[in-house]
Amino acid sequence: MPPARSPYRPRKTPRQQRAWETRGRILEAAARVFARHGYASGTTDRIAEEAGLSIGSLYQYFPNKDAILVVLTRNHVAEMARLVAEVLAEPRPLTAWLPELTRALVRIHGADPRLHQVMYEQAPRTPEVLAGFREAESEAVAAVERLLRADPAVATGSAWQARFVVATIESLVHRFTGDLPAMDPAELEREIVTIVTRYLCPGPDLEKRPSAW
């Protein structure tokens, strides 16, 4: 007996350009619908209407809205991984790559905070999604570690420092981009950069703090 098909898998992989374009229309429409209506009210009927398709045409590609959301989330993770790899590709000092990376992540997440909130909080954590998260995180940590070890301004540049840096930027960006535009993006960028910089390059006042802290 063949294994049951995952409810989160697309129904088919397009083979022709027209089919790829239709699939893309569905994904773009779903992104707008989730951003506008949220997860609960982001129904397949609304997505099909937004895409200018019949509900039957949508179901030829995706069995339900969760399958669509999974693809949107996987695409988002892949986009973030490409961005991080691009920013961290060349050896540069902390003062160069940290602000650039933080600014880019805040800008992308802040461009559509409601959509990213739906993806972050509601998307099913399928094995493929989790694997994408882990791979993107591992690649980011490895790249940050290389930069830290090559930077004379950083005290040690250990693997654990790199993990803390990546986790700090990721968690703060996800936590506060939902407050944009009420919160100034430039202010959020400055605060994240300050926190990470002070962690990696503590000043004399921090080095002399009481051991009881």
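## Helices α4 and α7

In this predicted model, helices α4 and α7 are roughly parallel to each other, a term that applies to angles under 35 degrees, while over 145 counts as roughly antiparallel, 65 to 115 as roughly perpendicular and the rest as oblique. The axes of α4 and helix α7 (residues 127-149) come within 10 Å and cross at roughly 10°, where an axis is a line fitted to C-alpha atoms, for helices over the stretch in contact, and the angle runs from 0 to 180 degrees between N-to-C directions. Helices here are DSSP runs of H or I with at least four residues, strands are runs of E with at least two, and both are numbered from the N terminus.

On the α4 side, Val70, Thr73, Arg74, Val77, Ala81 and Val84 meet Glu128, Val129, Gly132, Phe133, Ala136 and Ala140 of α7, and contact means heavy atoms within 4.5 Å. The residues of this contact of α4 with α7 divide into eight nonpolar, two polar and two charged; Ala, Val, Leu, Ile, Met, Phe, Trp, Tyr, Cys and Pro count as nonpolar, Asp, Glu, Lys and Arg as charged, and the others, Gly among them, as polar.

## Helices α1 and α6

Helix α1 (residues 17-37) and helix α6 (residues 113-122) have axes that come within 8 Å and cross at roughly 95°, and α1 and α6 are therefore roughly perpendicular to each other. Ala31, Phe34, Ala35, Arg36 and His37 of α1 make the contact with Arg114, Leu115 and Val118 of α6. By class, the contact of α1 with α6 has five nonpolar, one polar and two charged residues.

## The nonpolar cores

A nonpolar core is a set of buried Ala, Val, Leu, Ile, Met, Phe, Trp, Tyr and Cys residues joined through side-chain atoms within 4.5 Å, with buried meaning under 20% relative accessible area, exposed over 50%, and partly exposed in between (1.4 Å probe, protein chains only). The largest such core has 31 residues, and those with the most contacts inside it are Leu88, Trp97, Leu101, Val144 and Ile169. The elements that give two or more residues to this core are α4, α5 (94-111), α7, α8 and α9 (185-200), and the largest share, eight residues, comes from α5. Apart from this core lies another, of 25 residues, among them Ile26, Ala35, Ala48 and Leu58.

Leaving aside neighbours within four places in sequence, Leu88 is in contact with Trp97, Leu101, Ala140, Ala143, Val144 and Leu147. Val87, which lies in helix α4 (residues 65-87), counts as buried because its relative accessibility is 4%. With neighbours within four places again left aside, Val87 is in contact with Arg92, Trp97, Glu100 and Leu101; the C-alpha atoms of Val87 and Trp97 are 6.6 Å apart in space, although the two residues are 10 apart in sequence.

Gln161, in helix α8 (residues 159-176), is buried with a relative accessible area of 10%. Not counting residues up to four places away in sequence, Gln161 touches Leu148, Val154, Thr156, Tyr199 and Leu200.

## The chain and the model

The protein chain comes to 10 helices and zero strands, and 39% of its 213 residues count as buried. Among contacts in the protein chain with a separation of 6 or more, 67% are between residues 24 or more positions apart.

Residues are numbered from 1 along each chain as its sequence is written. Because the model is predicted, local features need pLDDT of at least 70 and side-chain atom pairs count only at pLDDT 80 or more, while totals for chains, interfaces and linings use all residues, and side-chain values use heavy atoms, with hydrogens and water left out.
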